[in-house]
Amino acid sequence: MMMTNWSSAANQLSKQGSVYVLVTLVGVSGSTPRNSGTKMVISQADIFDTIGGGHLEHKTIKHARTMLAVGKNCQHLEHFQLGSNLGQCCGGNASVLFECFAAVGVNIMLFGAGHVGKALIPILAQLPCHVTWVDSREEQFPANIEMYPNVTKVVTEEPEFEVGSMPEHSYFVVMTHNHQMDFEISQAILKRADFSYLGLIASDTKWRRFKQRYKHRDVDQNQVARMSCPIGLEQVGGKLPIEVAVSVSAEIINKYQAEEQNRQVEQVLEQRLDTGSPAAPRARPSSQQGINWKELKQLLNAD
């Protein structure tokens with residue numbers, strides 16, 4: 001990324017689904033390098049804008065890196081005395097708000113830049129995900145692909161080998177122009193056995209043949225049963241490229257929202273178990289989010 005402005009960086013990082021920390025001077029007193037409201041953004045690889053440099057910024061970046069390593073959505077407030085604690089000659093005080101925006105958890109690999117693939121990409125580009133778009137034909141990709149910051153183009157003659165580059169629990173959508181290519185790609189995904197979603201575009205005849213071939217290749221049938229074929233949400237029909245694209249995107253949205261709900265339930269159960277009390281299962285989860293108001297008041301009133 002070439003921008004240095006914090007707002008441009010935050011916008012770009014958000015579109016890319018990358019984790020970053022937004023730092024804001026929410027309160028200053030005395031002599032400080034920058035005024036209240038000054039912001040900067042820290043990502044895993046870059047720093048955008050400044051809150052004035054010096055030891056304050058050094059400590060701020062160090063704290064932000066710690067939050068980036070955890071990678072969860074959270075907020076934190078710190079109060080710094082620039083003179084006595086940080087040794088800066090200006091000697092004022094600064095309250096700094098740290099807001100960590102977690103990376104997108106949904107990674108999608110789309111195989112095929114045909115009519116349906118082209119219709120699907122503009123929809124996926126608006127979702128909280130990162131898409132790796134793979135095809136063997138350079139000329140099939142649109143010239144304006146750069147307008148989708150969360151989409152990465154990959155051109156390769158052997159797309160099945162790209163499967164191994166994806167993290168665990170990835171989403172795979174297979175819709176190339178070649179049946180044999182579809183088979184090799186889907187087989188590689190099935191053998192990984194760690195996918196969250198695998199959708200294959202296929203006719204009934206193609207699907208029957210593929211299932212027989214999977215058996216002959218000793219592919220785990222439990223993994224085959226997890227595949228989505230015919231691809232797309234059953235309630236959204238139609239054969240036009242945009243209709244198929246809407247159906248597929250609806251199925252993906254339905255899948256990742258269900259996974260997020262399951263994660264939230266698991267977190268609540270873990271919190272209850274951590275109390276070690278027999279009454280814990282009946283406890284209601286706390287509604288507290290972000291920074292407690294008492295902590296906020298104490299820090300902002302600090303000298």
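Among contacts in the protein chain between residues at least 6 apart in sequence, 58% join residues at least 24 apart. A contact here means heavy atoms within 4.5 Å. The model is a predicted one: local features need pLDDT of at least 70, side-chain atom pairs count only at pLDDT 80 or more, and totals for chains, interfaces and linings use all residues. Numbering starts from 1 along each chain as its sequence is written, and side-chain values use heavy atoms, with hydrogens and water left out.

Start with the whole chain. The protein chain holds 8 helices and 10 strands. These are DSSP runs, numbered from the N terminus: helices are H or I with at least four residues, strands are E with at least two. Of the 303 residues, 39% are buried. Buried means under 20% relative accessible area, exposed means over 50%, and partly exposed lies in between (1.4 Å probe, protein chains only). The accessible surface of the chain comes to about 16,700 Å². Carbon and sulfur atoms account for 50% of that surface. Such areas come from the Shrake-Rupley method with a 1.4 Å probe; for residues, only the protein chains shown count as cover.

Now look inside. Thr60 sits in helix H2, residues 54-70. Thr60 counts as buried because its relative accessibility is 0%. Leaving aside residues up to four places away in sequence, Thr60 touches Val23, Ile51, Phe80, Val96 and Phe98.

Leu77 belongs to strand E4, residues 74-81. Its relative accessibility is 3%, so Leu77 is buried. Leu77 and Ser95 are 18 residues apart in sequence. In space, they are 7.0 Å apart, C-alpha to C-alpha.

Next, the surface. Leu240 lies in the loop between helix H6 (221-224) and helix H7 (241-274). Leu240 counts as exposed because its relative accessibility is 52%. Together with Ile242 and Val246, Leu240 makes a nonpolar surface patch of about 260 Å². Patches are made of residues with over 30% relative accessible area and no salt bridge; like charges are joined within 9 Å, and nonpolar side chains (Val, Leu, Ile, Met, Phe, Trp, Tyr) within 5 Å. A salt bridge is a side-chain nitrogen of Lys or Arg within 4 Å of a carboxyl oxygen of Asp or Glu.

Arg208, Arg209, Lys211 and Lys215 gather in a patch of positive charge on the surface. Lys and Arg count as positive, Asp and Glu as negative; His and the chain ends are not counted. Each charge is placed at NZ of Lys, CZ of Arg, CG of Asp or CD of Glu. Lys211 is in helix H5, residues 204-216. Lys211 is partly exposed, with a relative accessible area of 32%.
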